[in-house]
Amino acid sequence: MLEIALDARRGSFHLHVECRFTSDWTVIFGPSGAGKSTLLRFLAGLDLSAPSRPQQARIALDGHLLTDTSSGLSLKPGHRQTSMVAQQSALFPHLSVAANVAYGLHDVDRSSRQSRVAEMLDLVDAASLIDRRPRDLSGGEAQRVALARALAPKPRLLLLDEPLSALDGAASDALLVRLQSWATEHRAQTVLATHDATDALATGAEVALLHEGRLTAIGPAAEVLANERTRLAQRLSLEPN
Amino acid sequence: MDWQALALTLKLATVTTVILLAVSVPLAAILVLGRSRWLAAVEALAALPLVLPPTVLGFFLLVLLGPRTSFGRAITSLLVAGFSAVEPALVDAARLLGASRVRLVRTILVPLASRSLIAAAVLSFLHTMGEFGVVLMLGGDIPGATRTLSIVLYNQVENFDYAAANRTAAILLALSAFALAAIYLSGRPRGGRRA
């Protein structure tokens, strides 16, 4: 369970979120500029220092505090067992795909590291890319590798910020299903931020609606996204065959 | 040709460059990765040698008996610029994957800012090769100990030995041209990039 109490101001933007994500897979749905990425960065432990520090933040995962500004506690990004993948794949350009995926496995012995790298690349259907350099990858391939890199350390909290935007619909859906089953198997609580209703509906998970920095609804996808679903259905029925 | 002076100059330039990089790389990394408000003051202090005349620096160093960091001048600023140019998303990714600051600098910042690092090394080497005021003020003109090529050149001109001065100047010029060519060659693009 992920507990969040967050109050942060950046210029005229005010992010105020108080909630509990009880499901293993939560989708934060909202338009661009709603504060999804800001929220995910705080959860990851980024932007918690001055000058971007939130006024108040309390984040706990399964009862363990990750951040608590009232007591001055803030675990560093690498000490939260948290991985994040953003829209921008941010692969290290000077390292091979294998070295990128292995980067977070610094403390793992070499043979386990190699097998984990192969396993993760296999999971995201990118085993054939293992020796490539990031500059030789397409956008979709880079996102797959970024996912493999984030999963490799087996995080307890997985934050995904529109991580499949460069993949086409079918590939994205297939990968989401694999990711969801991996996250369930490895007990990794996942928070997926998206402005794409089809992504949000695809996993049938708990959905939180974020609008202008405020959570306006939280619950099962079919209920929370009822309006979006109708809108999508109408759009599809209007499209010519 | 004063081979002793040439060897001494190369030795001085090498040692200075190594010391300078050993100090400047961590300092630049702290300035780029740190978030304390005191860092602005540290940065200003690091940039101070940029605006001070060499004789003033030489005098201060002479008084303080400090290390010969005055050769650094723009080196820390150059490294700060190089490290700052590394995409913040890459730094965030490395931190999220558990990289310590040292590992982050060693495996991400230094390789990705290698051009700035090479430029910093070459410029500090060249600057030391051509340094005159500080070396003379700090060490004087002792053959084999403090007499560098610049001081030899100065002495040759003072003695109206223009033929020897020409040769000394030609060596300094050739070394500088070679080093600058190395900087520009290191910056040439190596192949295209696909989306």
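**Chain B as a whole**

Select chain B and follow it along the sequence, where its elements run in the pattern α-α-α-α-α-α-α-α-α-α. Its secondary structure comes to 10 helices and zero strands, where helices (H or I, at least four residues) and strands (E, at least two) are DSSP runs numbered from the N terminus. This is a predicted model, in which local features need pLDDT of at least 70 and side-chain atom pairs count only at pLDDT 80 or more, while totals for chains, interfaces and linings use all residues. Residues are numbered from 1 along each chain as its sequence is written, and chains are lettered from A and ligands numbered from 1 in the order in which they are written.

Of the 195 residues of chain B, 34% count as buried; a residue is buried if 20 or more other C-beta atoms lie within 10 Å of its own, exposed if 12 or fewer, and partly exposed in between, with C-beta atoms placed from the backbone. Among the contacts in chain B with a separation of 6 or more, 71% join residues 24 or more positions apart, a contact being two residues whose C-beta atoms, placed from the backbone, lie within 7 Å.

Next, select B:F160, in the loop between helix 9 (149-158) and helix 10 (162-186) of chain B. Is this residue buried or exposed? B:F160 is exposed, because 8 other C-beta atoms lie within 10 Å, and its phi is near 60 degrees, a positive value in a residue other than glycine.

**Where the chains meet**

Show both chains together: 22 residues of chain A are in contact with 16 residues of chain B. On the side of chain A that touches chain B, strand 7 of chain A supplies the largest share, three residues. By class, that side has 10 nonpolar, 10 polar and two charged residues, with Ala, Val, Leu, Ile, Met, Phe, Trp, Tyr, Cys and Pro counted as nonpolar, Asp, Glu, Lys and Arg as charged, and the others, Gly among them, as polar.

Now move to A:Q81, in the loop between strand 6 (73-74) and strand 7 (82-85) of chain A. A:Q81 has a phi near 50 degrees, positive although the residue is not glycine, and it is partly exposed, with 17 other C-beta atoms within 10 Å.

Select helix 1 of chain A, which is mostly covered, seven of its nine residues being buried; among them are A:K36, A:L40 and A:F42. Just after this helix, A:G45 takes a positive phi of about 90 degrees. Not counting residues up to four places away in sequence, A:L48 touches A:F42, A:R53, A:A57, A:T67 and A:S74.

**Strand 9 of chain A**

Finish at strand 9 (residues 189-194) of chain A, which is largely enclosed by the rest of the structure, because six of its six residues are buried. A:Q189, A:V191 and A:A193 are buried on one side, and A:T190, A:L192 and A:T194 on the other.

Which strands pair with strand 9? Strand 3 (residues 25-29) of chain A pairs with it in the parallel sense over five bridges, and A:T26 stands opposite A:V191; pairing requires that DSSP finds at least two bridges between the strands. Strand 8 (residues 157-161) of chain A also pairs with strand 9 in the parallel sense over five bridges, with A:L157 and A:Q189 as bridge partners.
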